[in-house]
Amino acid sequence: MVQRQQSTNDIDAYRTVKPVEVLLVEDNPGDVRLTKEALKDGKVCNNLHVVEDGVEALAYLRREGKYQDAPRPDLILLDLNLPRKDGRDVLAEVKNDQRLKRIPVVVLTTSKAEEDVLKAYDLHVNCYITKPVDLDQFMNLVRAIEDFWLAMVKLPNAHGGGL
Amino acid sequence: MNIRSMGRPAQILLVEDSPQDVQLIENALTGTVVRSTLYVARDGVEALDFLYREGGYANAPRPDLILLDLNLPRKDGREVLAVIKADEELKRIPLIVFTVSNSEEDIIKAYDLHANCYITKPVDPDSFIAHVRSIQDFWFSWVELPPNRRRNGRRKP
């Protein structure tokens, strides 16, 4: 009986510290570096996975090729202007895929075009953010994303909702 | 477009049947740097009337953000979420589920229905107020909101 109680506590403890898996889809090395830095020192334990174009992003999410053991992300940070397959196409494919659509997608882009914002929301993006040009502001933004999406929001996968 | 560039207070539609929670949210949004105007619907039917400008809501503004409780009288929050996110005009309005429910089923279902995010209400009133302010700060200081255009009324199924 004591033994069983112990193991239940262990599972609870494991759940509490389970890192949040974040997939960053970004082709700009400077933005990747800044995002890594900002999330590394963050309050919420997380694993950041980076892919550099839209084809890789979908391969990662569908666990194809070298990604067959990739953890399913709890959150996707998606740039829009990407090589090979555009971020808009990635967003549309993710949100039309019954197995992937529940993963929250945060678009993080330099585009302020009204058409991009509108189209992203119509495709069911979870939120759309434009990247600040200023470096300090960029770091502040990544921390704000962490405070909101990683610390406050209930993510679907972090609660054992994997498929 | 964000609230600063709009040059007006943000408009939030709160769908909430608990008078205590409405009061806490009103308190939380008072005196903040980002200014919000709060509209309250007490159940799911009122919420949809407001969004479709029916009943007594002919002049209702289109909200910039919807805060939706799940357990509501007359029409459940899950149904309201499904209607909003299946409507071509309304689906683009960011919608935050804000509920006491911590059930895995509710969380997954809400995301599958395209809730923009899911947040559970803290029991402690100070944390509750801090959560509401964080929601306001994040969505109105960092996020680009969809252009707030007028819609053409309810589409019959």
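Entry 1: I began with A:Cys127, which is buried at a relative accessible area of 0%; buried means under 20% relative accessible area, exposed over 50% and partly exposed in between, with a 1.4 Å probe and protein chains only. The model is predicted, so I kept in mind that local features need pLDDT of at least 70, side-chain atom pairs count only at pLDDT 80 or more, and totals for chains, interfaces and linings use all residues. Residues are numbered from 1 along each chain as its sequence is written, chains are lettered from A and ligands numbered from 1 in the order in which they are written, and side-chain values use heavy atoms, with hydrogens and water left out.

**Entry 2: chain A overall.** I counted six helices and five strands in chain A. Helices (H or I, at least four residues) and strands (E, at least two) are DSSP runs, numbered from the N terminus. Their order from the N terminus is α-β-α-β-α-β-α-β-α-β-α. Chain A has 163 residues, and 52% of them count as buried.

**Entry 3: helix H5 of chain A.** I listed the buried residues of H5(A), residues 114-122: A:Asp116, A:Val117, A:Leu118, A:Ala120 and A:Tyr121. They pack against helix H4 (87-95) and strand S5 (127-130) of chain A, together with H6 of chain B; contact here means heavy atoms within 4.5 Å. After H5(A) comes A:His124, with a positive phi near 75 degrees.

**Entry 4: the sheet of chain B.** I traced an open sheet of five strands in chain B, ordered S2-S1-S3-S4-S5 with parallel pairing. Two strands pair if DSSP finds at least two bridges between them. S2 (36-41) and S5 (117-120) are the edge strands, each pairing on one side only. Neighbouring strands are turned by 20 degrees against each other on average, direction ignored. Axes are lines fitted to C-alpha atoms, for helices over the stretch in contact, and angles run from 0 to 180 degrees between N-to-C directions.

I also checked S3 (residues 65-68) and S4 (residues 95-99) of chain B, which run parallel and are joined by three bridges. B:Leu68 has B:Val97 in S4(B) as its bridge partner. Helix H6 of chain B (residues 125-142) lies across S1 (10-15), S2, S3, S4 and S5 of chain B, at about 175 degrees to S4(B).
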